[in-house]
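Here is a short briefing to read alongside the coordinates. Please keep the viewer open and follow the residues as they come up.

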Amino acid sequence: MQPRNMSMSGVVDLAAVKAAGEAKAKAEQARAESARQAAQGGGAGPAAGAAALSALVVDVDEAGFERDVLQLSAEVPVVLDFWAQWCEPCKQLSPLLERLTLEAAGRLVLAKVDVDANQMLMQQFGIQGIPAVFAVVAGQVLPLFQGVAPEQQIRETLAQLVQVAEERFGIIGIEVDPDAGGAAPAAAEAEIPAGPHDALLEAAVVALDAGDLGGAVQAYKNVLSEDPANTEARLGLAQAELLVRVHDMDPQAVRAAAAEKPADPAAQIAAADLDLVGGHVEDAFGRLVDTVRVTFGEDRNAVRLRLLELFEVIGADDPRVSAARTALARVLF
């Protein structure tokens with residue numbers, strides 16, 4: 001079975017662009033305080049009991065799911081590994097997930113779910129085949145992949161999961177004792193190096209915080225000029241440009257024009273931007289799909305391109321984007 005890749009863009013919204021810097025700063029502050037307490041010999045509080053490496057990989061059943069997964073996900077991202085004894089691919093994937101979890105040194109917890117003994121959980125997650133891997137962050141379920149994926153791909157996915165947990169939710173994981181359970185000291189002690197574009201991305205967040213939308217746009221463009229595939233910058237740019245477009249709009253006038261001119265591309269595009277900023281995602285997508293249906297030539301192409309831009313704002317893996325792509329294909333072809 002081919003792995004179904006995960007993208008974190010689906011869990012990031014417009015508010016998260018501004019909030020990312022604040023949550024990341026809180027996470028870093030909490031981690032620094034935890035390190036200071038450890039250096040002084042201070043206690044780590046209730047979470048320390050769960051910090052032993054033996055608690056980083058746990059078996060979970062239906063009875064303990066709320067406690068061992070949902071509640072714990074407020075402190076650390078929980079990766080769910082759905083497996084079974086008879087599943088040969090599971091025997092390849094599960095040990096790899098366990099090793100990568102231990103290497104993460106408390107930034108992740110792996111919860112293993114035996115599907116034969118937990119049929120209800122399997123049904124609730126809509127699992128059609130195993131191995132299947134999900135994550136739970138702050139009570140929110142995220143599909144990661146299904147089937148056996150290459151190690152490097154899994155590493156990147158888990159690193160992205162940790163980043164989202166820190167930047168959006170301020171979740172930094174739990175403390176671990178590097179001397180317990182045989183964790184690799186390098187994984188427990190090494191600092192994660194700053195990415196090559198962290199300063200520019202931080203500058204974009206600071207600009208958004210200050211209301212400098214133009215500065216945020218430029219900061220994201222600076223990142224993309226050197227790293228065109230940078231997911232965070234691409235998402236941030238799409239969102240910042242959307243905020244620029246709606247900044248000086250008169251909502252009442254825009255909506256009145258859209259109501260009066262249902263086939264006017266410019267009027268419908270402006271209204272769709274407002275819809276999206278207001279959180280009415282399906283309305284924005286539906287409006288533009290309907291406009292593509294009744295326009296032709298350059299007008300149709302302009303509407304189509306704006307719809308693709310709005311897909312970028314929400315994230316390709318969002319089910320609303322998938323539904324809108326299907327609707328767009330129907331009217332185009």
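## Briefing on the predicted model

Leu 100 has its place in helix 3, residues 88-103. Please bear in mind that this is a predicted model. The protein chain has 333 residues, of which 42% count as buried, and its secondary structure comes to 14 helices and five strands. Among contacts in the protein chain with a separation of 6 or more, 71% are between residues 24 or more positions apart.

- Leu 100 has a relative accessibility of 5%, which is under the 20% cut-off, so Leu 100 counts as buried.
- Leaving out residues up to four places away in sequence, Leu 100 touches Glu 151, Ile 154, Arg 155 and Leu 158.

**Two loop residues**

- Glu 175 lies in the loop that runs between helix 5 (151-169) and helix 6 (185-189).
- With 31% relative accessibility, Glu 175 is partly exposed.
- Glu 175 and Gly 106 are 69 residues apart in sequence, yet their C-alpha atoms are 5.7 Å apart in space.
- Asn 230 is found in another loop, the one between helix 8 (213-226) and helix 9 (231-247).
- Is Asn 230 buried or exposed? Its relative accessible area is 12%, so Asn 230 is buried.
- The side chain of Asn 230 reaches the backbone nitrogen of Glu 232, at 3.2 Å.

**Helix 8 against helix 9**

- The axes of helix 8 and helix 9 are 9 Å apart, and the two helices pack at an angle of about 155°.
- That angle is over the cut-off of 145 degrees, and helix 8 and helix 9 are therefore roughly antiparallel to each other.
- Their crossing is left-handed.
- On the helix 8 side, the contact is made by Leu 213, Ala 216, Val 217, Tyr 220, Lys 221, Val 223 and Leu 224.
- On the helix 9 side, the contributors include Glu 232, Ala 233, Arg 234, Gly 236, Leu 237 and His 247.

**Helix 13 against helix 14**

- Which way do helix 13 and helix 14 run relative to each other? They pack at an angle of about 165° and are therefore roughly antiparallel.
- The axes of helix 13 and helix 14 are 10 Å apart, and the crossing is left-handed.
- Arg 300, Arg 304, Leu 307, Leu 308, Phe 311 and Ile 314 are the residues of helix 13 that meet helix 14.

**Nonpolar cores**

- In soluble globular proteins, nonpolar side chains tend to be buried together.
- The largest nonpolar core has 27 residues, and those touching the most other members are Leu 276, Phe 285, Leu 288, Leu 307, Leu 310 and Ile 314.
- At least two residues of this core come from each of helix 9, helix 10 (251-260), helix 11 (265-277), helix 12 (281-294), helix 13 (297-314) and helix 14 (319-332).
- Leu 307 is in contact with Phe 285, Leu 288, Val 289 and Leu 328, leaving aside its neighbours within four places in sequence.
- Apart from this core lies another, of 26 residues, among them Cys 87, Val 115, Ala 132 and Val 136.

Methods. Residues numbered from 1 in each chain as written. Predicted model: local features only at pLDDT ≥ 70, side-chain atom pairs only at ≥ 80, totals over all residues. Heavy atoms only, no water. Helix = DSSP H or I, 4+ residues; strand = E, 2+ residues; numbered from the N terminus. Buried < 20%, exposed > 50% of the residue type's maximum accessible area, 1.4 Å probe, protein only. Polar contact = N/O pair within 3.5 Å; in protein donor to acceptor, adjacent residues only side chain to side chain. Core = buried A, V, L, I, M, F, W, Y, C linked by side-chain atoms within 4.5 Å. Contact = heavy atoms within 4.5 Å. Axes fitted to C-alpha atoms, helices over the stretch in contact; angles between N-to-C directions. Parallel < 35°, antiparallel > 145°, perpendicular 65-115°, else oblique. Left-handed = near helix turned anticlockwise from the far one by under 90°.
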